[in-house]
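Dear colleague,

I am handing over the structure below, together with some notes on what was found in it. Please keep it open beside you while you read.

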Amino acid sequence: MDSNADHYTPYKETRISNRFIKHADLLEILPSLTNNPIFTTEVAGYSFEGRSLNLIKAGTGETRVFIWSQMHGDEATATMAICDLINFLAASSEGESSGKYILENCTLFILPMVSPDGAEVFNRRNAQGIDINRDFHRQQTPEGRVLRRLRDEIKPHFGFNMHDQSTMWSTGNTGKPATISLLAPAYDAALSVNAVRERAMQVISIINTELQRHIPGFVARFDDEYEPRAFGDNFQAAGTSTILIEAGGFKDDPEKQFIRQLTYTALLTALKSIASKSYANVSLANYFDIPENDKRHYHLVLRNCKVSTPVATYKVDIGLVADEKLNPDHRSVTYTYLIEDVGDLTGYHGYEEIEASNYNLILTRPLIVGEGADFILQDQLSTVLCVENGRITNKNL
Ligand SMILES: [Zn+2]
């Protein structure tokens, strides 16, 4: 295989370009996306509000792989990556050899946008207000029932549970954000490792090795905790080697289009490895060497600010988080900068950092954690940064 060939650009689904994709958008592109004899599609069920859940099947191989995305409605990165992957697989009928190899050795079952009602309003929860990923046992959500039934019917050897995580996660204490986090979810509270979970860990090692070529140091291991209500944990217990992929943050990628490409790369790398069974030779040490997720990132950090009040003058670092609020168009967000922490933020990092020791900080409102930022940062002559009610209104850096 030619490792230098561009395995992404020709396949990128250009009709999708941001995280606010809706069910109608998906339905509009799905017929042409899957208009190829290698695919069959079927409606696997309906959401609480009656939107269809669409299962796409491809391949004839003996290893069954189930990929589902966006069971949390505001986590769309993998849905975009899946559309790119479908384009890649379609090219196998025109001779794309690695796609052909995957489809000869695997049968793929792909369920994009498990929560179309959540996607409609860019909300983690479904229309009942329920987190679908805590509904494995109670089965009160139609979306959760579809997901569980499909696993029971398909009996996949491998499962890919595709999510987005907070952009505040870091890769351990390395100072880098966790752009992609990976986990082989536990199937019991003791976090035991059996052959099923071991295979998931081995595939993750392969994914990590590939991602390190693109984003060295930006891959983390997701929090390893048993969640008995979640699907990944229960699928692992049921015998499907389940891999959690969480799309996090990367500087200057708010719409996660670079992270979408990384997610695509992760999936494609995993599928190639599953098709060839190359994962079987990988040591588990590779998995445990991936640094764990640690919440050490802010969106903006001001270092060494000099605060002058009538009572005292003192030095603080300020960590700010850009809180997203969905706009009425449901297709964009407005950012409000909230104060997340104040004081010595050594060991914490910002996607953007400002060394403020040579500036004066004028507080329009006191620094209150959890509230919107309100301050002016000035040098002798002019305003360097002005934040009003959490909105950056002036920035000259
Ligand atoms: Zn999620």
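In what sense do strand β16 (residues 375-378) and β17 pair, and over how many bridges? They pair in the antiparallel sense, over 4 bridges. Before going further, please bear in mind that this is a predicted model, in which local features need pLDDT of at least 70 and side-chain atom pairs count only at pLDDT 80 or more, while totals for chains, interfaces and linings use all residues. Residues are numbered from 1 along each chain as its sequence is written, and side-chain values use heavy atoms, with hydrogens and water left out.

Two terms are needed at once: strands (E, at least two residues) and helices (H or I, at least four) are DSSP runs numbered from the N terminus, and two strands pair if DSSP finds at least two bridges between them.

To return to the strands in the opening question, β16 and β17 form a hairpin with 4 residues between them, and within this pairing Phe-375 stands opposite Val-387 in β17. Strand β17 (residues 383-388) also pairs with strand β18 (residues 391-395), in the antiparallel sense and over 4 bridges. Here Glu-388 stands opposite Arg-391, and Leu-385 stands opposite Lys-395. The hairpin of β17 and β18 has 2 residues between the strands, and in it Asn-389 takes a positive phi near 55 degrees.

Elsewhere there is an open sheet of 8 strands with mixed pairing, whose order is β1-β2-β4-β3-β5-β9-β7-β8. Its edge strands, each of which pairs on one side only, are β1 (39-46) and β8 (219-221). At the β8 end, strand β7 (residues 180-183) runs parallel to β8 and is joined to it by 3 bridges, with Ala-220 as the bridge partner of Ser-181.

Helix α2 (residues 77-90) runs at about 140 degrees to β3, whereas helix α8 (residues 257-276) runs at about 170 degrees to β5.

Glu-75 lies in the loop between β3 and α2 and His-163 in strand β5, so the pair ties together parts that are 88 residues apart in sequence. Both residues are buried (under 20% relative accessible area, where exposed is over 50% and partly exposed is in between, with a 1.4 Å probe and protein chains only): Glu-75 has a relative accessible area of 7%, and His-163 one of 5%.

Finally, the buried residues of helix α3 (residues 97-105) are Ser-98, Gly-99, Ile-102 and Leu-103. Seen down the axis of α3, they fall within an arc of 135 degrees (taken from the directions from the helix axis to the C-beta atoms), so they line one face of the helix. These buried residues pack against β2, α2, β4 and α8.

Terms used. Contact = heavy atoms within 4.5 Å. Axes fitted to C-alpha atoms, helices over the stretch in contact; angles between N-to-C directions.
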